[in-house]
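The following exercises concern one protein model. Please study the sequence and the structure shown below, then work through each solution step by step.

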Amino acid sequence: MFPVPAARPDGRRPVSLSPSATSFVARASRRLARLARTLDETPGLLPRSLRSGSLDLVPPDDWTSGFFPGSLWLLHELSGVSETAAAARRFTDRLATVPGMKHTHDLGFMVGCSYGHAWRLQGAESDAAALVEAAESLADRFDPRLGLIRSWDFGEWRFPVIIDNMMNLELLFLAAALAGDARFVEYARAHADRTACTHFREDGSCFHLVDFDPERDCVLRRQTVQGHADDSAWARGQAWAIHGYTTVFRCTREKAYLETARAAARFYLEHPRSPADRVPPWDFDAPAEPPPPRDSSAAAVCASALLELSTFVPAAEGRVYRAFAESTLDALLEPPYFADDDEADGGFLLRHAVGHLPAGQEIDVPLCYGDFYLLEAVGRRIRLEAGLPPATLVSASPIR
């Protein structure tokens, strides 16, 4: 296992999350170290999930490839242990070809979560160069007629844009700061502006995908591919929306983005099907019978987003967001969601997540991005309890 010190390198002992979560860093270290040992025997591959009880490993061009290296960087930040940083570097290096990939919009997930946190914690010029290269690749997908970054290159859509794409914009803000290139900020803001106008319903819920006609500059169709139905509220998509718009507000301080994040959060928090343990059904509108599977990954993304959002709103509202996030984390850090220290679950942290239920893929399994956002949320909670702001890749864009 990765050794776990009694205190951080700066001498400040981490604030415990709850009586059941005081051993979180040690538990996470044991599990991720086990997963790292397995991966050392599989050169070039990264963990995504479990399939039929066995590790589902993917190549670097999979959209989830950056989450395991990112999880190790976040764990290193919590523990201060050099062995964890060495493992994080080892698996980040497996992504060396990713920044130049122009066929995917997921570079924020793939490169931001890995090279981004490597740069934040170690400041290597090579990591900064990878981030700028990835931003250039993402910028190639921007259509100035629509003011949008294209999502998928497959399917029958003309120009599909998914709500998940909001999570890739922080990479552009970071690259703008690193390279001094205002173009990246322009593209990120344009995408956030158009998405806010096209992806949201009046109640604050969001569509998963909107397809555009680039020639006529109009919407062709709104739908929810990974959710229950086109008019339903897919839980993880709603969490992406909260997290993404909170991030863009932080980077720009533009009030409209904050209002979009708050509206999306209100829908999530006030939904009558939000269960007592705050881990939502995979879609808020999924049929009630049989009981729909929960999505721990959506819960982790939302908890992390709400912890940051709580710092940008009036105090009373912030307390509501923070309490909801902490209640969510308390549930996620215990059974049945947090994996036991046994031979099951492949070394992942969170159980009971859902990837793409309509396609019959990744149902009630661990997901690497659930682990990443759990660690991000835990780190944010620790810092808030210590009176510090959440750690982020970009505090505010120096380029307006």
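**Exercise 1. The largest pocket**

Task: State which residues lie nearest the centre of the largest pocket, and which elements contribute to its lining.

Solution. Step 1: The largest pocket is lined by 24 residues, and W63, D106, W152, F154 and Q226 are those nearest its centre. Step 2: Two or more residues of this lining come from each of the elements β8 (353-356) and β9 (361-365). Step 3: The volume of the largest pocket is about 530 Å³. A pocket is an open set of points on a 1 Å grid over the protein atoms alone, where a 1.4 Å probe fits, with protein on both sides within 12 Å along at least five of seven lines; lining residues have an atom within 4 Å of a point.

The model is predicted: local features need pLDDT of at least 70, side-chain atom pairs count only at pLDDT 80 or more, and totals for chains, interfaces and linings use all residues. Residues are numbered from 1 along each chain as its sequence is written, and side-chain values use heavy atoms, with hydrogens and water left out.

**Exercise 2. Helix α10**

Solution. Step 1: Helices are DSSP runs of H or I with at least four residues, strands are runs of E with at least two, and both are numbered from the N terminus. Step 4: Because 14 of the 14 residues are buried, α10 is largely enclosed by the rest of the structure; buried means under 20% relative accessible area with a 1.4 Å probe, protein chains only.

**Exercise 3. A hairpin**

Task: Describe how β1 and β2 are connected.

Solution. Step 1: Five bridges pair β1 with β2 (residues 54-58) in the antiparallel sense. Step 2: Two residues separate the strands of this hairpin, and S52 in the turn has a positive phi of about 55°.

Key
Buried < 20%, exposed > 50% of the residue type's maximum accessible area, 1.4 Å probe, protein only. Points joined across faces, edges and corners; volume = space filled by probe spheres on them. Pairing = 2+ DSSP bridges.
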